[in-house]
Amino acid sequence: MQEKIRRAGTGSQVLTLVFGMWLTAGMFMERWESSRAAAGEADRLAGGGGAELLLYSGLAASILWLGWFMVRGKLLHGSWKSGLPDGYGAGLAGAGLFLLGSLGGLLWQLAGELQPGGIEEHYSPTRLLQTAGAVLLVTSPFRAVWRLPGRVPGRGELWPGLLSLALGTSIAALALSSHWMLNSGSAARSGLERLGSELDPLATGLRESLYGTVIEHGLAGVLLTSALLTVPLVWSVNRWKLPFGSLFILFTVPVLFMCIPGQSAYMAPAGIVTGLAADLLYGFLGASHRNNWKKHVLAALVPLLLTGAFLVLEHLRAGLGWPPALWSGAMVLSALQGIVLSHLVAMNKEDSA
């Protein structure tokens, strides 16, 4: 006899989302705290790891919540697995990955192989395990909504899923923060002029090579940031008919979270304006999974607007150091990447996540 699929109720989805937001806030505060301590700007919060307390208490709350589902399944149906709602299994695996990464990171630090707050810690295998685990854990509501039948879920069903997807995007962005376009300052005139003066004593070939590397790093940030924010958009547009405000959530939440470690609140309007414009364009175009050219146009225009908003804000803040050929090329590059991502997602006709 086929086992009945257990669906998460709206209340369960909201509580899972709350615990995911708790965990996500802890991860961002921990990164902010460690970066400030490494730079000598401030002591650790609360005299000793206040952000870590926030992080691991959020993790503990999420694990206990999943544990409650399993205990209830065992008591009511005689099976631990039967208590987990559809889409939550990967979240349980994510909790295990996070704990494994935390243990590995602790052992590595005790062995003196990792410098807390250093770039090697942020890209170590143990930290990447934590990141992957956290993404799986906080996106449980998204997978639960994805697996609901039909393309027009109720608003109460859809919002937790979209918010959890935005949290997962935020955590992924944190892991790749060195390439986050909105925090890099890569296009600022003052920074490029200072770099040019510092490179002046070097030989011409080496100077041009290093300067070009910095520019290429900035362009890589444009591509990575726009891709990270565009993929959730094309997923959602291909899967559901979205109410107004859906794309605003997907863009605004990660951008606001990423303002914390970068101390770049001046870039918050880029996410807000792009998210609002994305919702308006979605409604104006009538894009959906059935209208290929319309959803491809949407996937091209939205990252172009995001990159344009970044360049405008950078110009207003510190002046734009990129020449017209470069900044206009960055915008076109992000738009072309959006088209490619949209086509790749459209080629996959699976409705499961």
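Colleague: Is the crossing of helix 12 and helix 13 left-handed or right-handed?
Modeller: This is a predicted model, in which local features need pLDDT of at least 70, side-chain atom pairs count only at pLDDT 80 or more, and totals for chains, interfaces and linings use all residues. Residues are numbered from 1 along each chain as its sequence is written, and side-chain values use heavy atoms, with hydrogens and water left out. Helices are DSSP runs of H or I with at least four residues, numbered from the N terminus. With the near helix turned clockwise from the far one by less than a right angle, the crossing of helix 12 and helix 13 is right-handed.

Colleague: How do helix 12 and helix 13 run relative to each other?
Modeller: The axes of helix 12 (residues 268-285) and helix 13 come within 9 Å and cross at roughly 155°; axes are lines fitted to C-alpha atoms over the stretch in contact, and angles run from 0 to 180 degrees between N-to-C directions. Angles over 145 degrees count as roughly antiparallel. Helix 12 and helix 13 are therefore roughly antiparallel.

Colleague: How many nonpolar residues does the contact of helix 12 with helix 13 have?
Modeller: Contact means heavy atoms within 4.5 Å. Ala, Val, Leu, Ile, Met, Phe, Trp, Tyr, Cys and Pro count as nonpolar, Asp, Glu, Lys and Arg as charged, and the others, Gly among them, as polar. By that scheme there are one polar and one charged residues, and the nonpolar count is 15.

Colleague: How does helix 13 run relative to helix 14?
Modeller: Helix 13 (residues 292-318) and helix 14 (residues 324-347) have axes that come within 7 Å and cross at roughly 150°. That angle makes helix 13, relative to helix 14, roughly antiparallel.

Colleague: How many polar residues are in the contact of helix 13 with helix 14?
Modeller: The crossing of these two helices is right-handed. Among the residues in contact are His296, Thr307 and Gly308 of helix 13 and Ser334, Gly338 and His343 of helix 14. Alongside eleven nonpolar and one charged residues, the polar ones number seven.

Conventions:
Angles under 35 degrees count as roughly parallel, over 145 as roughly antiparallel, 65 to 115 as roughly perpendicular and the rest as oblique.
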